[in-house]
Structures are given as structure tokens and as C-alpha cells.
Amino acid sequence: MDKKSSSFSTFASSNKLSIFSAVIKAFNNVNKHILGICRGIQSINVCFGGSLYQDIPNHKLPKEERYNVKFEKESFLYDCYNIEQMLINSLHHQAVKEVAKGFKVVAKSEDGIVEAIENKNIIAVQWHPEYMNDIKFFEYFINKISNKDH
């Protein structure tokens, strides 16, 4: 697999990323919870010093196709679903390469692509739970940040 790496400047337009980065860092600095989806995981990772693969083959699939990812135990995703793996969608051609300091990888696809990262107040996934009508994911996130049952 030929994976080209990227830094912040080549990932997307620098003005847009500067705004994303400022908002992400401002929320993080006051310990607000952040949820990143698709480009969100990429923006968050780069914002905190990680890097990206610019073009990965076989991950930009039609919205209804799924592939398997494995969750790490003791993670938001494992706690949310109470399972070690599940089928997700994939609409991306970029992915996390080097994980930003302070984050841990909590989900990977079978080909080793990082599919989710988290730290104390940030959860970010590469897939689109909203396209999968995954209400459980959003309910768990909302309950967790509002300290209901957690």
C-alpha cells in the first residue's frame, strides 16, 4: 500500500484549518468535550501534532458498504457498544498516520488503518455513524458528557 504522508499545510486549505485548529484548541483548553467525525478525526489529529496518509486505497466506499473494525478495551467505543468489533462505513481516502501526542488509538480496520482516537475529553472516529443511523453512538456521547450514568 503506497501511503503518502501529510502535514497540516497539505491536508486542506490553511485558512479553514486555522479556524478549526483555533476552535479545537480553545475547547480543549477549557476541557470541553469534542466529537470528531471523518474529517474531524483528521483535523483533531493534525491540530495536536499528528500526521495523515494523504491517499489510502480501498477506503472510499459507497455509503452503504461496510467493513470490520476492532475496538480497544477501556475505550469510549468499547464501553458504548460493549463489543470488540463491528462493521462501519468508509468514505475517506485520508487517514491518521502518526497519532498526536496524548491520544490513543482505540479502533483499527483489519488493514491497520486508524479508525478512532481519543484522549480525556476528545473522541474522534473516521467513519460516519450518522449515515448508519447509529443513535446509540450519539446518545452515549451525550450521556457521557452530561455525566448521566457515568
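Me: What stands opposite K104 in β8?
Reply: In β8, the residue opposite K104 is E118. This is a predicted model in which local features need pLDDT of at least 70 and side-chain atom pairs count only at pLDDT 80 or more, while totals for chains, interfaces and linings use all residues. Residues are numbered from 1 along each chain as its sequence is written, and side-chain values use heavy atoms, with hydrogens and water left out.

Me: Why are β7 and strand β8 (residues 114-118) said to pair?
Reply: Two strands pair if DSSP finds at least two bridges between them. Four bridges join β7 to β8, therefore the two strands pair, in the antiparallel sense. Within their hairpin, four residues lie between the strands, and G112 takes a positive phi near 90°.

Me: Why is F141 called buried?
Reply: Buried means under 20% relative accessible area, exposed over 50%, and partly exposed in between (1.4 Å probe, protein chains only). F141 has 11% relative accessibility, so it counts as buried.

Me: What does F141 touch, leaving aside residues up to four places away in sequence?
Reply: F141, found in helix α5 (residues 135-145), touches H33, I34, L35, F76 and I123, where contact means heavy atoms within 4.5 Å. F76 is 65 residues from F141 along the chain, with 8.4 Å between their C-alpha atoms.
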